[in-house]
Each structure stands twice: as structure tokens, then as C-alpha cells.
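Me: I would like to learn how to read the features of a protein model, one at a time. Please start with a single residue and its surroundings, and then move on to the larger elements.

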Amino acid sequence: MTSVPKIKLSSGYEMPQVGFGLWKVDTNCADAVYNAVKAGYRLFDGACDYGNEKQCGEGIARAIKDGLVKREELFIVSKLWQTYHDKENVEPITRRQLADWQVDYFDLFLIHFPVALEYVDPEVRYPPGWHYDGVKEIRWSKATNQETWGAMEDLVEKGLARSIGISNFQSQTIYDLLKYAKIRPATLQVELHPYHQQTNLVRLAKAEGIALTCYSSFGPAGFVELNMDRATSASPLMGHEVIKGIAEKLGKTPAQVLLRWSTQRGLSVIPKSTDPALMAENLQCCTFEIPEEDMERIAKLDLNLKFNQPTNYFDTEKLWIFA
Ligand code: NAD
């Protein structure tokens, strides 16, 4: 079985450098998770918002019961959704998410986005999504990132999360968080691929000792699944002549080159595929080297083209959170 390198986090724990992305894993999710464990994945990247944590938990429970893996060999990641940022809501929702996963701690729990929205009772709608009424209305909460981070730190204190981190934060919110954090964020998870390279954010994370996880490593591919205009009109990264040329030269696939471009620089990746052959292929993205001159050719492909932002999913004048 492929051995995946591990990244040492500031929390002292080690995190596999390649994991399994769970967003949009809707059909046969429990089987996909079970098969991913079988294929050798140990890190699972979930979230309340993906709406499949119960099925993920079923897959994990089955894998453990069948003796494929032990809980302590897994690295389970989940995320706090925006409607639970007020401090009194953080622990209850984390406990519900843990129950869905059938585990008693998360290896890593992230603030999904640095935006606080008004509470939606999980008994009324779960997952709640961005809109207060489930359709159109955006309602802010007054919770600050400082308040939410304090509640995340309490999760560590109570043993509900071993490491805590952030997602979709940019430099200004990170510098601010580092002023009040008693526990520093172990990881930063952001969109990162050759069309959206975020070079200075990578430098910031490195300088501050925050491990960086890249999401949507294949660029538009993950958003074409959602029929997002910006993604369907972009040239596929896996078909890009530079990526294809490097893949051919190295006897690898374009997907492996895209993942290796990040892992070779010490970043982590969480590709999503439920196809067993592609799952196996993605896991083997740390077993070869891309020559420096080819890394530099990929570095020239940046278009500052970001796919994952609320304003690309629905009309609103209220959520320009990456402006
Ligand atoms: P991705 O970049 O992993 O791309 C997925 C698409 O690529 C799918 O269509 C899949 O079939 C295809 N694919 C996968 N492996 C392939 C291969 N080897 N060859 C050819 N095609 C292949 O997409 P993603 O789902 O956007 O991102 C991955 C994960 O990152 C998510 O599942 C989720 O866990 C995480 N994520 C987090 C956030 C966040 O806000 N924190 C946002 C987006 C994604």
C-alpha cells in the first residue's frame, strides 16, 4: 500500500499529506469512505455543510469493525459552519458532528469561513447553508472571529478536537487571529491550484508555522460538477498543454502532476474522487519529483482565477468575503 508522508503540525500531531475530499460525495458515500480506507486513505476531509457526515461515519465505523483500520490511525477533519459561530453554539454543534461521525474527537476542526451568520436551529434545517430562510435572505451574526476562536480553543481543552485550524481566511484575518490566539491555528485550508496560486499566502503560512492544505487542486474540475459558469468556461487544468506535457514526460497523469506540484512544496492535498482507479492514482502523488524547471513553468500559469466564493453560487450583495 502507498505510504503517504506526514506533516508535523504546530499542535504536535502529525497529519497525512494526502487526504480524501468529501464535498459532493453524495451517492453511496458510506461505500466511498469504506473504499477509500481500503485504498489507503487515512485523512478524511468533511464538513457539516457537505451534508454527508452521517454516511461518512457509517463508512468509517464499518471499516473499523472489519479490521481495515483503527480509529487512532485515522485523521478525521471537519469544519464549523457559519451559522454556529456564536460561542454558545460551537460545542453543541461539534458534539452533533462527532456523533454523526461516530467518533469522540476530531483530529482537526476548522472554521470553514471567517464569516458569522445568524443561528439556524439544526432541528429546523441541517445543514443550514448560507441563507437564513433556506432560500434568499443573508443574516449576519455579531460573533467576531475572536469569539469563535475562543470557543474552538475550548474544544481542544475538552478533548473534542486535537488540533484546530482555519479555512478561507486571508492575510488580514490571519494576522489578526494570531494576536489573540492562545492556540495557534495548526492548518489553513484554501483554494489553491495553478490558476489560483496564492503565492504570498503560502509564504505567510510558512513564516507563521501554519500547515497549508490546498483544496480544489484540479481547479475548475470540482466546480464543473456544479455547472458553475466560471468553471465551465475555463480551460480544464488537466487538459492544459503544460500540465499534459510534464505528465507525459514523467509517465504520470495530469492529476498526479497537479497534486505533486503542491505536495513537492510541502503543502497538503485532499482530492475528491469516488472512482477506485482515480482514488488510487491520487494517493500516489508523493512518489516522484517534478524537475525544478517544470515547477517554474507551472508557476507561470497563475490567472488569479478563484472558483469557490459565495457570489459565484448565488446572487447577493452581502457576501463579498474575498474582495
Ligand atoms: P477536486 O479539485 O478534488 O476535483 C474533483 C473533480 O476532479 C471531480 O470531478 C473528480 O471526478 C475529478 N477527479 C478527481 N481525481 C481525478 C483524477 N485522478 N483524474 C481525473 N479526474 C479526477 O475538487 P473539490 O471537491 O473541489 O476539492 C477537493 C476537496 O477539497 C473537497 O472534496 C473538500 O473536501 C475540500 N474543499 C474544501 C473547501 C473549503 O471551503 N474549505 C472548498 C472546496 C473543497
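Reply: Leaving aside its neighbours within four places in sequence, Ser268 is in contact (heavy atoms within 4.5 Å) with Ile7, Met15, Gln17, Leu212, Thr213 and Cys214. This is a predicted model, in which local features need pLDDT of at least 70 and side-chain atom pairs count only at pLDDT 80 or more, while totals for chains, interfaces and linings use all residues. Residues are numbered from 1 along each chain as its sequence is written, and side-chain values use heavy atoms, with hydrogens and water left out.

Me: Is Ser268 buried or exposed, and in which strand does Ser268 lie?

Reply: Buried means under 20% relative accessible area, exposed over 50%, and partly exposed in between, with a 1.4 Å probe and protein chains only. Ser268 counts as buried because its relative accessibility is 2%, and it lies in strand β10; helices (H or I, at least four residues) and strands (E, at least two) are DSSP runs, numbered from the N terminus. Gly266, by contrast, is partly exposed, with a relative accessible area of 39%, and is found in the loop between α10 and β10. Not counting residues up to four places away in sequence, Gly266 touches Ile7 and Gln17.

Me: What is the order of the strands in the open sheet?

Reply: Strands of a sheet pair through backbone hydrogen bonds, either parallel or antiparallel. Here the open sheet has 8 strands in the order β3-β4-β5-β6-β7-β8-β9-β10, with parallel pairing, where two strands pair if DSSP finds at least two bridges between them. Because β3 (20–21) and β10 (268–269) stand at the edges and have a single partner strand each, one side of each is left without a neighbour in the sheet. Strand β3 is joined to the parallel strand β4 (residues 43–45) by 2 bridges, and Phe20 stands opposite Phe44 in β4.

Me: Which residues of helix α12 are buried?

Reply: An α-helix has 3.6 residues a turn, so residues three or four places apart point the same way. In helix α12 (residues 292–299), the buried residues are Asp294, Met295 and Ile298. They are on the same side of α12 because they cover an arc of only 105° around the axis, the arc being that of the directions from the helix axis to the C-beta atoms. The buried residues of α12 pack against α9 (241–250) and α10 (254–263).

Me: What is the phi of Ser216, and where is Ser216 found?

Reply: Phi of Ser216 is near 55°, a positive value in a residue other than glycine, and Ser216 is found in the loop between β9 (211–215) and α7. At 19% relative accessibility, Ser216 counts as buried.
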